[in-house]
Amino acid sequence: MPVPGVGDYDDQNVFAKILRGEIPCRRIYEDLHALAFHDIAPQAPLHVLVIPKGRYVSFADFAAKGGEDEIAGFVRAVGHVASQLGLDAPGYRLLSNMGRDGGQEVPHFHVHLFGGAMLGRMVSLPSA
Ligand code: AMP
């Protein structure tokens, strides 16, 4: 079974379908390099996903193969979305799951943006 985050890009992944307009999303922001929309199963009062428009499987793939303009544009888009949502003052958390140990499910690079509440400290391992 393929490990999400590693290998060839799958054009049938759910975020590819959202980018092509084949399935809907609750869009927050879009520009040349990025699309931001609400997570379908929010894990914080505000839980937004920001994805690049290019065909990148994971953070590792984007970091290795993304163009300078794509990387800069994506990072600026994440910052813009957080500001647009009023999160600069209270703060927020960014997270990107990568591969098996990261728990990545959708094999199109994305950043989770969490906010709207005190989020606690970092990560916890699943209980045995
Ligand atoms: P990850 O485990 O980092 O790959 O997270 C994938 C995220 O995508 C999860 O938080 C899902 O709830 C979210 N997700 C899956 N399908 C959709 C969808 N159609 N629209 C919005 N969010 C989605």
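A nonpolar core is a set of buried Ala, Val, Leu, Ile, Met, Phe, Trp, Tyr and Cys residues joined through side-chain atoms within 4.5 Å. Hello everyone! Keep that definition in mind as we walk through this structure, which is a predicted model.

Let's start inside. The largest nonpolar core here has 18 residues, and those that touch the most other members are Ala 36, Val 48, Val 50, Phe 74 and Val 81. Where do the members come from? Strands S1 (27-30), S2 (34-38), S3 (46-52) and S5 (111-115), along with helix H3 (68-84), each supply at least two residues. H3 gives the largest share, five residues. As a general point, nonpolar side chains tend to be buried together in soluble globular proteins.

Now pick out Val 81. Leaving aside residues up to four places away in sequence, Val 81 touches Ile 28, Tyr 29, Ala 36, Val 48 and Leu 113. Apart from this core lies another one, of seven residues, including Phe 15, Leu 35, Phe 37 and Leu 49.

Let's stay with helix H3 for a moment and look at Ala 77, which lies in it. Is Ala 77 buried or exposed? Its relative accessibility is 1%, and buried means under 20%, so Ala 77 counts as buried. Again not counting residues up to four places away in sequence, Ala 77 touches Tyr 29, Asp 31 and Ala 34. For a sense of distance, take Ala 77 and Ala 117: they are 40 residues apart in sequence, and their C-alpha atoms are 22 Å apart in space.

Next, the rings. How many aromatic pairs does the structure hold? There are six. You have met Phe 74 already, in the largest nonpolar core.

Last stop, the ligand. Which residues are closest to the ligand? Of the 16 that surround it, the closest are Asp 39, Asn 97, Glu 105, His 110 and His 112. In the side chain of Asp 39, an N or O atom is 2.5 Å from an oxygen atom of the ligand. For the side chain of His 112, the corresponding distance to a ligand oxygen atom is 2.8 Å. Ile 40 uses its backbone instead, with an N or O atom 3.1 Å from a nitrogen atom of the ligand. Taken alone, the ligand exposes 510 Å², and the protein buries 86% of that.

How values were computed: Residues are numbered from 1 along each chain as its sequence is written. This is a predicted model: local features need pLDDT of at least 70, side-chain atom pairs count only at pLDDT 80 or more; totals for chains, interfaces and linings use all residues. Side-chain values use heavy atoms; hydrogens and water are left out. Buried means under 20% relative accessible area, exposed over 50%, partly exposed in between (1.4 Å probe, protein chains only). Helices (H or I, at least four residues) and strands (E, at least two) are DSSP runs, numbered from the N terminus. Contact means heavy atoms within 4.5 Å. A residue is near a molecule or strand if one of its heavy atoms lies within 4 Å of it. A polar contact is a pair of N or O atoms within 3.5 Å; within protein, one must be able to donate a hydrogen and the other to accept it, and residues adjacent in sequence count only if both atoms are side-chain atoms. Accessible areas come from the Shrake-Rupley method with a 1.4 Å probe; for residues, only the protein chains shown count as cover. Rings of Phe, Tyr and Trp (its six-membered ring) pair if their centres lie within 6.5 Å; planes under 30 degrees apart count as stacked, over 60 as edge-to-face and the rest as tilted.
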